[in-house]
Every structure is written in C-alpha cells, then in structure tokens.
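The exercises below are to be worked with the sequence and the 3D structure side by side. Try each task before reading its solution.

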Amino acid sequence: MLGLLSLFSLDFLALECLNEGADAYYNTVYLWCVLPIALSIFIILVGIGRYYLEKSASIVIRRANRTQIVNDHFYLFLILTYLVLPPVSSKQLQIFDCISLDSGESYIRSDTSIDCNSSSYIQFRYVVLMFIGLYQMIPVLWFILLYRERFALNPPTSAQDKSVALFIRDNNPDLAPIQFLFIDYRCSKWWFEIADMYRRIIFIGVLPLVSTHTAVKASFGCVLGVLSGIYFREINPYRIEETNIIARLAQACIAVTFYCALSIDTGTMVNFGLEGKKLGIFLVCFDSIVLTLVLWFAWNYYKKKRDAEQWKEHQALNYEDARGFSKNKFNTTFEAIWKHSIPSSHALVFHYTSHERAKQCRKSGIPAHLKFKGVPLSLRHPHDTINNDFTVFQNEFDGTNTITSTNKEFTQFPNEFVFVISIPRHFLSPLLGYEKDECLFSISSEVLNAMRPTSFIDVLDGKPWIEHVVMLPPHNILRSFLLFKNLSSISSRDSRDSRDSQQKINTQADRCPQFDYDTNIKASEVSVPTDIQTITSINVYYDA
C-alpha cells in the first residue's frame, strides 16, 4: 500500500505560470509548505464536528461511534503526512541548491532568476528552514506512536512463533489507525518505516546538495545505493521474503543508475563501447529484467498464498455425507476410528450442531456455551440420541432451522451435523444440569483455556482466537458427518419412522450405547484437572 501511495506527488502545485520572478517561486514553495498543514487542520476540524454531532441514544453506541470517528480521522491525518512528506521535503531542500558562477554570483538551480545572495532570498530561506524543521518532525511523531505500542507491535510470542505474532499484531484493533506504518514489516522491525522515510529523503533531497559537480553527486548516489542494498540484505525488514529480494534488486537498480550517470560524466564507459544510446539501451534492458523478476516474484507469492488458502478451506470444510448411513454403518465407522485414531487415554465423543454452524466450527473451532460453561459433548451415536441430546444441542441450530413448538413432527430429530472428537478422558466433566445422564459431558472453559494452542495460524478463521473466545481447537475434530441437509426437506414418512425409532430408544432409561470398544465413561470416572488455572479475563462465547 505504501508503495502505491508513494507514486502520488504535489507537482501540480505551481504558480510560476501565473507570475514571473522571485515572488512566483517563493509563493509556490510557501504553497507546498502551507497546503498540507491546511488540509490537516481541515481533517481535524471535520473530525471534531463529527465527534460532537454524534448523539446516538445509547451511550455504548455513542462511545463506540465516537471512538471510530477519532480513529478514522487520525488515520487520514497520518496518511496525509506520509503522502506529502517526500515531495514537500524535496521542494523545500531545492532552495539550497545554488549554482555558483565564476563571477562570484550564485543562483537557485530550479529558478535562475533568484540570486542566492539577495536579502529576500535569505529571509525566504529562514522561513523555509522553520517549515523543514516542522515537516522533519513527522517521522519523529510516527516513531513516538509506534514506540508507545512496541509491545503490541512485537508480541512476546514472536520469539516462539513469528506467524502467530504477526497474526496477533495485524488483528489488534487498537493498532488500526497506525497499521499502515508497520503492516508490511516483521514484528521486530516495526520501526523500519521511519528509517526508510529518512533514507528516501536523503536520496531525493539531500543528495543533490552534496556538491555542485555531477560526478561527485553520482559517486555519492552509487555508494548510497550499494550501502542501501547491504542494509536491506542484513535487516530483512519485510514480512514476505520475496519483498526483501525485490527491495535489494531495487537498490541495485539505484546503484547501477548512478554509476551510469558517473560514467557519462567521466566517460569511463567509452572504453567498453557503451555511450549515448547504447548506455540508455543497457539501462532499459537492466531495469526491464528487474521488473520481470519483480512480476515473477509477485505472481509466485500470489499463487502460493492462493493455493494455501484453498487447501486450508478444503481441509476446514471437508465432511462426509452420512444421510444414508445405517446404525451398523456408523458403528463400523466409529469402531475403525477408535482402533486407528484413539489412544486408550482418550474418549470418542460427539458434538451435534447445524449444518451452517458446522462450517464456522470447522474454520475456527467449537465455541464454549455460557449455559454449560464449556462445550457440551455426547457419547451417543446419531442413531442412539435421545431427548436429552436434542435439548442440549438444539441451541446449535441457526435461525432458519430453529425448532418451534409448532414443529412437533420433528421434535425427536437430532441435529444436522455431527463432529467426531477425540478428548482425554480426564478432561471431561459431567454436563451442568444433566449430571444424572451418564452419556452427556462437557469440556469446561478452564480446560479449554488450558488447551489453547500456542499457534493457530493454520486455522482458517483465527479471529475468534484473537478475540479470546474460549473454543475447542478444530484439530481435535477427527471426522465430520452431515446427517440432514435441513429439517424441512425430510419427508413426513421418514419423520414418523424416526420418531417411532426414537421412542423405542427413549425406553432404555437413557443408557449409553454399548460397543465392542470402550467409550462408555461413567460420571464418577471423570474430573476436572486440578492443575489447570482459570483465566477470568477470557470471554466465553455463547449462542443467543
């Protein structure tokens, strides 16, 4: 984004066409200096007006809207400072670039009608010096803003998992107004934009003032280009490695361009047969090769990122269509899972939900429910569910599939989707409110918090984790099965058959199903680990 913004300039701000002489040049420079300040004041005043005109009835909404207004206008102000600083600094420093003649007189290079020894120029120079001091404080302001948030910009996890640290930093809402200053860089290089801005100012504003001789300027430019390339190679500031390579190539282009300028002035390339048009063709070819490499790196990065996103989405949303599965088919499937995927210390449990909510759960995880103070789980297979299972998991339906009192035809149906989950036995505790049912358990919020992974960068949607939602990580989900597409599509005959089947099951005194492999966990056999500490600052997600 910063690269695109840097293409903008203020070259349209010129008054030389309206007046001639020193006054026109002075007024143009003053306009360049004053106009960004006027725009900044305008942004601030509009923000103040919007802040006090925000009078929502709800205090909470009003505070939220006002905070958003402050962030929006502060962001616009910072973007404006970034846009105007390089061109305005260049324009300001041009007034010190004077050409000395043999007669002792000197004139400004950009306007030879202005005598550098005149009293009006000296007074003009002092005024511009004040503006230069003001504008060069802009990167200092950026540094102060970034330094205040240095711990959020470089989270402690960056030493363990850099991808997690980047994810936490990028999704921190408190950093949104200044995000453009660090979003392209590694966590530990949050300060790099300030250093790079001064590097650019040196190239475009200070380098022309080094000497009046072209060869000296070109020599300094060549040295600065080489040093910049070494600096980029050693620092590696960008979060994307391809960008670091492109930055080093760009510094190579700068160094080669200045060297060609030096060779033109000194004639050193004549011995190699490169002069005039040939040297120009060489520069065009060299820059074209670099541009081709840049485009190639960009395409490969885009392709790699796209493929990774598609793979993660496929893994997250992949499920098995079990709408035609019989009870025996389910038992055979679960037995195979138990034998090949479940250690003896773990239990095979089930979580029922709606088809739509299952998509989000596969992307980020299964959120804890406030009512049960954890994630509810069942030991019963889809064909063995009873009223208790339906009551516990019915809140998982989305709004379109909520069972109302008028839908008596479907009151015995289990939910649309089931997750097959592997959990350590000692993590399970009796479900709150259903302690007498030996097939209903929960993973408490305290246990879920202890299970919080150190890295969730591979989660398709990691935003809930950043917001400290208590969730069961998606990697605990072994298999996913679609039971029904939606309840309204089920025929009345199927509903009657299933209702009769459920009535037979309900007469079994809520017993857990018995299998050849042991998943029948008694409530007396489980307990919450005592070594898990509760973190009260974590929010518990619940369905409305």
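**Exercise 1.** Which residues does Phe124 touch, not counting residues up to four places away in sequence?

*Solution.* This is a predicted model, in which local features need pLDDT of at least 70 and side-chain atom pairs count only at pLDDT 80 or more, while totals for chains, interfaces and linings use all residues. Residues are numbered from 1 along each chain as its sequence is written, and side-chain values use heavy atoms, with hydrogens and water left out. With contact taken as heavy atoms within 4.5 Å, Phe124 touches Tyr25, Tyr26, Val29, Tyr30 and Ile95, once residues up to four places away in sequence are set aside.

**Exercise 2.** Describe how helices α8 and α9 are oriented to each other.

*Solution.* First, the axes of α8 (residues 192-206) and α9 (residues 214-235), which are lines fitted to C-alpha atoms over the stretch in contact, with angles from 0 to 180 degrees between N-to-C directions, come within 12 Å and cross at roughly 170°. Second, angles over 145 degrees count as roughly antiparallel, and α8 and α9 are therefore roughly antiparallel.

**Exercise 3.** Characterise the salt bridge between Lys304 and Glu242.

*Solution.* A salt bridge requires a side-chain nitrogen of Lys or Arg within 4 Å of a carboxyl oxygen of Asp or Glu; here the N to O distance is 3.3 Å. Next, Lys304 lies in helix α11 (residues 277-317) and Glu242 in helix α10 (residues 241-266), so the pair ties together parts 62 residues apart in sequence. Finally, Lys304 is exposed at 51% relative accessibility, whereas Glu242 is buried at 16% (buried is under 20% relative accessible area, exposed over 50%, partly exposed in between, with a 1.4 Å probe and protein chains only).

Conventions
Helices (H or I, at least four residues) and strands (E, at least two) are DSSP runs, numbered from the N terminus. Angles under 35 degrees count as roughly parallel, over 145 as roughly antiparallel, 65 to 115 as roughly perpendicular and the rest as oblique.
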